[in-house]
Amino acid sequence: MQRFFLVSAASLGLLAAAGPVLAVSTEEALKTATAACLDSAGKQGWRTDLAKVISSRSIDADKVEVVFDLTKDGTNTARLTCPYSLSKGVATTFGGPETPAETTPAPVETTTTTDTGTGVNPWWLLLPLGLGLLSWAALRGKTEDVATNPGTTYSGSYTNTSSTVTTGTSTSRNIFVEANAHDGQLEVREHADVNSAVLRRVRNGENVQLTGHRRNDWLEVANGGWVRDIDVRYDRTTVRFS
């Protein structure tokens, strides 16, 4: 029994003495592996001055593994694992596929737009309405004044709208007749004479307003000029000119 206790005590002493030696050996192995991995990474284009050790561990009595964050351009970072063997050094393949660890986003340029009051003017929205009113006014004026320029031809249809006609010696200023010239266009002349200047021409079928005054075979036009009686059409049984 006394021998058994002596052997046990001796074994515990040896284990206590071997513990610090094993701890020192593991620490030295990790330092050696870190230095060897950084040297290998530098040869592959990685910047060792910016390398960051993430973790390191001893796998067994021969193998050590060190994990780094490495970068080549100083901005994009990859997390790589370096397997190291005490007997063989750094493994042939360093880190395998690159795994992004941290990426510093590129600065984003922000443009601030200042409203200078150059937006769409709301008054432009009223432009279509204004154009419509102008068009309506122009058409209305054209209807009221059938012809105001010499040589201008207007379209329209004949309707005898005379509300007051002349009977005997009475006159009317609201007589409408239809142009019916032999050449297709009624000539409105300045005076009651075929040699007088032509003020304008009216296409056959269009209305012409007369004053009710006659001079021989000529009829006076309400807005100026004279036309020949034979070149217009009207109800000769009811309409009389003075």
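**Figure 1. Asparagine 216 sits in the loop between S9 and S10.** This is a close-up from a predicted model. Asparagine 216 has a positive phi of about 60°, although it is not a glycine. For background, most residues other than glycine have a negative phi. With a relative accessible area of 67%, asparagine 216 is exposed.

**Figure 2. Glycine 212 is a buried spot in strand S9.** The strand covers residues 207-215, and glycine 212 is part of it. Its relative accessibility is 0%, so glycine 212 counts as buried. Now look for alanine 222: it comes 10 residues away from glycine 212 along the chain, and the two C-alpha atoms are 8.5 Å apart.

**Figure 3. The whole chain, for orientation.** Here you can pick out two helices and 12 strands. Following the sequence, the order goes α-β-β-β-β-β-α-β-β-β-β-β-β-β. The protein has 242 residues, and 25% of them are buried. Take the contacts with a separation of 6 or more: 51% of them are between residues 24 or more positions apart.

**Figure 4. The largest nonpolar core has 16 residues.** Leu186, Leu210 and Val227 are the ones with the most contacts inside it. Strands S6 (175-179), S7 (185-189), S9 and S10 (218-221) each give two or more residues to this core. S6 gives the most, with three residues. Another core lies apart from this one; it has 14 residues, including Leu30, Cys37, Ala41 and Tyr84.

**Figure 5. Cysteine 37 and cysteine 82 are joined by a disulfide.** A search of the whole structure turns up one disulfide. The sulfur atoms of cysteine 37 and cysteine 82 are 1.9 Å apart, and the link is left-handed, with -80° about the S-S bond. Cysteine 37 belongs to helix H1 (residues 2-43) and cysteine 82 to strand S3 (residues 76-85), so the pair ties together parts that are 45 residues apart in sequence. Both cysteine 37 and cysteine 82 are buried.

**Figure 6. A nonpolar patch shows up on the surface.** It is formed by Trp123, Leu126, Leu129 and Leu133, which together have about 490 Å² of accessible area. Leucine 133 is found in helix H2 (residues 127-144). Its relative accessibility is 53%, so leucine 133 counts as exposed.

**Figure 7. Arginine 233 and glutamate 178 meet in a salt bridge.** The count of salt bridges comes to 12. In this one, the N to O distance is 3.7 Å. The partners come from distant parts of the chain, 55 residues apart: arginine 233 is in strand S12 (residues 232-233) and glutamate 178 in strand S6. Arginine 233 is partly exposed at 40% relative accessibility, whereas glutamate 178 is buried, with a relative accessible area of 11%.

**Figure 8. Glu187, Arg189 and Arg201 are linked in a network of salt bridges.** The side chains of glutamate 187 and arginine 189 meet at 2.7 Å, N to O. Glutamate 187 is partly exposed, with a relative accessible area of 25%, while arginine 189 counts as buried at 14% relative accessibility.

**Figure 9. Arginine 236 forms a salt bridge with aspartate 229.** Their closest N and O atoms are 3.2 Å apart. Arginine 236 is partly exposed, with a relative accessible area of 39%, and aspartate 229 counts as buried at 12% relative accessibility.

Technical notes
Residues numbered from 1 in each chain as written. Predicted model: local features only at pLDDT ≥ 70, side-chain atom pairs only at ≥ 80, totals over all residues. Heavy atoms only, no water. Helix = DSSP H or I, 4+ residues; strand = E, 2+ residues; numbered from the N terminus. Buried < 20%, exposed > 50% of the residue type's maximum accessible area, 1.4 Å probe, protein only. Core = buried A, V, L, I, M, F, W, Y, C linked by side-chain atoms within 4.5 Å. Patch = residues over 30% accessible without salt bridge, like charges linked within 9 Å, V, L, I, M, F, W, Y side chains within 5 Å. Areas by Shrake-Rupley, 256 points an atom, 1.4 Å probe, with all protein chains shown as cover. Salt bridge = Lys/Arg side-chain N within 4 Å of Asp/Glu carboxyl O. Contact = heavy atoms within 4.5 Å. Disulfide = S-S within 2.5 Å.
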